[in-house]
Amino acid sequence: MAHLALPSPTSRPASSYSGFILPSSSSSSNSDGGDSDNDEPLPFPEALSRRDFLAPDFDPAAYLSALHTGPTARHQTLEDLRSELRDRSAAISAELLELVNSNYTSFLSLGDELKGGEDRVEDVRVALLGFKRAVEDVQGRVRERRVEVGVLNEELGGVKGAIEIGRQMLELDDRVTGLETHLAVRSLGQDEDEDGDDGWDDDFDDDDDDKEEENDVGFVGSSPSKLAALAREYVRVDHLANSLGRELPFVRKMDERLIRCRNTIILDLNTALKEAKKAGSSAQGRVLKFLAIYRTLDAHAEAVRVLRER
């Protein structure tokens, strides 16, 4: 029987291990090195440059858009970018605070340490003084004009007053002349309507007076309505003279004419009252009207004197 014997290691053919050659250390290291390059982390982006923020045409929206698009895109998430901007803002705030604290004393003493500019200040001061003088000059002219206007207003008021006084003087003269004219007509016994009567009798349109005067044919003296019109016109003229002032030379001259008019009216009134009193009871109403005219002329004593006469 044949025996199977295990081959000895020395008796193994060399070619039996030719397909199982292990890689050498150099090849193993190259293979491992290639895998490690694929697993390395991405490079961390550089810090944002301060000069980017100082650009005169800096646009925040365009700047943030350029960080994620275009050739200068950063491999960074929005959260990381937000965090970096917060850190940058906090750092700037701290830097600003430190800068203010370090220069606080200098800032407070800045006004005392300013030097130069005296010529500019002097120019401004001179300009202000010139402006002040110009304003004072204008104010002075305004005050002068105000005084002038005040004087002119006073003169104007005086002229208006003089015109009004002149108008009243002319009215007084016209009224006195008209009263004298009517008294002269009455004294001559003429009809006033024929001589251009100016309508004084318009105030005495009472029917009773007209009827009574129609029945006064037997009386020679003036009628009550005519004498009442003359008396009332005299009172109006007397009031006008009082408004002008009795101390005026013109009014004093008018007083002489007014006194003559009043005396003439009272004389005619006395004649008419005596005639009515002689007529007896039939003329009692006429007598009462004459007495009312005495009251208008404030001549009560004269009325009593005439009534007492026999």
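Is Glu84 buried or exposed? In this predicted model, Glu84 is buried, with a relative accessible area of 18%. The cut-off for a buried residue is under 20% relative accessible area, so Glu84 falls within that class. Glu84 lies in helix H4, which covers residues 78-102. Apart from neighbours within four places in sequence, the residues in contact with Glu84 are Glu46, Ala47, Leu48, Arg74 and Gln76.

The protein as a whole contains 12 helices and zero strands. Read from the N terminus, the order of elements is α-α-α-α-α-α-α-α-α-α-α-α. Of its 310 residues, 22% count as buried, and Glu84 is buried as well. The accessible surface of the protein amounts to about 23,300 Å². Carbon and sulfur atoms contribute 57% of that surface. Among contacts in the protein with a separation of 6 or more, 69% are between residues 24 or more positions apart.

On the H9 side, the contact is made by Leu227, Leu230, Ala231, Tyr234, Val237, Ala241 and Leu244. On the H10 side, Val251, Leu258, Arg262, Ile265, Asp268, Leu269 and Ala272 take part. By class, this contact has 12 nonpolar residues, no polar residues and two charged residues.

H10 also packs with helix H12, which consists of residues 300-308. The angle for H10 and H12 is about 35°, with the axes 10 Å apart. The crossing of this pair is right-handed. H10 contributes Ile266, Asn270, Leu273, Lys274 and Lys277 to the contact, and H12 contributes Glu302, Arg305, Val306 and Leu307. The composition by class is four nonpolar, one polar and four charged residues.

H12 packs with H11 as well, at an angle of about 145° and with the axes 8 Å apart. From H11, the residues in this contact are Leu291, Tyr294 and Arg295. From H12, they are His300, Glu302, Ala303, Val306 and Leu307. Five of the residues in the contact of H11 with H12 are nonpolar, one is polar and two are charged. Glu302, Val306 and Leu307 of H12 are listed in the contact with H10 and also in the contact with H11.

The loop between helix H11 (284-296) and H12 holds Asp298. Asp298 is not a glycine, yet its phi is positive, at about 55°. The relative accessibility of Asp298 is 57%. Residues over 50% count as exposed, so Asp298 is placed in the exposed class.

How values were computed
Residues numbered from 1 in each chain as written. Predicted model: local features only at pLDDT ≥ 70, side-chain atom pairs only at ≥ 80, totals over all residues. Heavy atoms only, no water. Contact = heavy atoms within 4.5 Å. Helix = DSSP H or I, 4+ residues; strand = E, 2+ residues; numbered from the N terminus. Nonpolar A, V, L, I, M, F, W, Y, C, P; charged D, E, K, R; others polar. Axes fitted to C-alpha atoms, helices over the stretch in contact; angles between N-to-C directions. Left-handed = near helix turned anticlockwise from the far one by under 90°. Buried < 20%, exposed > 50% of the residue type's maximum accessible area, 1.4 Å probe, protein only. Areas by Shrake-Rupley, 256 points an atom, 1.4 Å probe, with all protein chains shown as cover.
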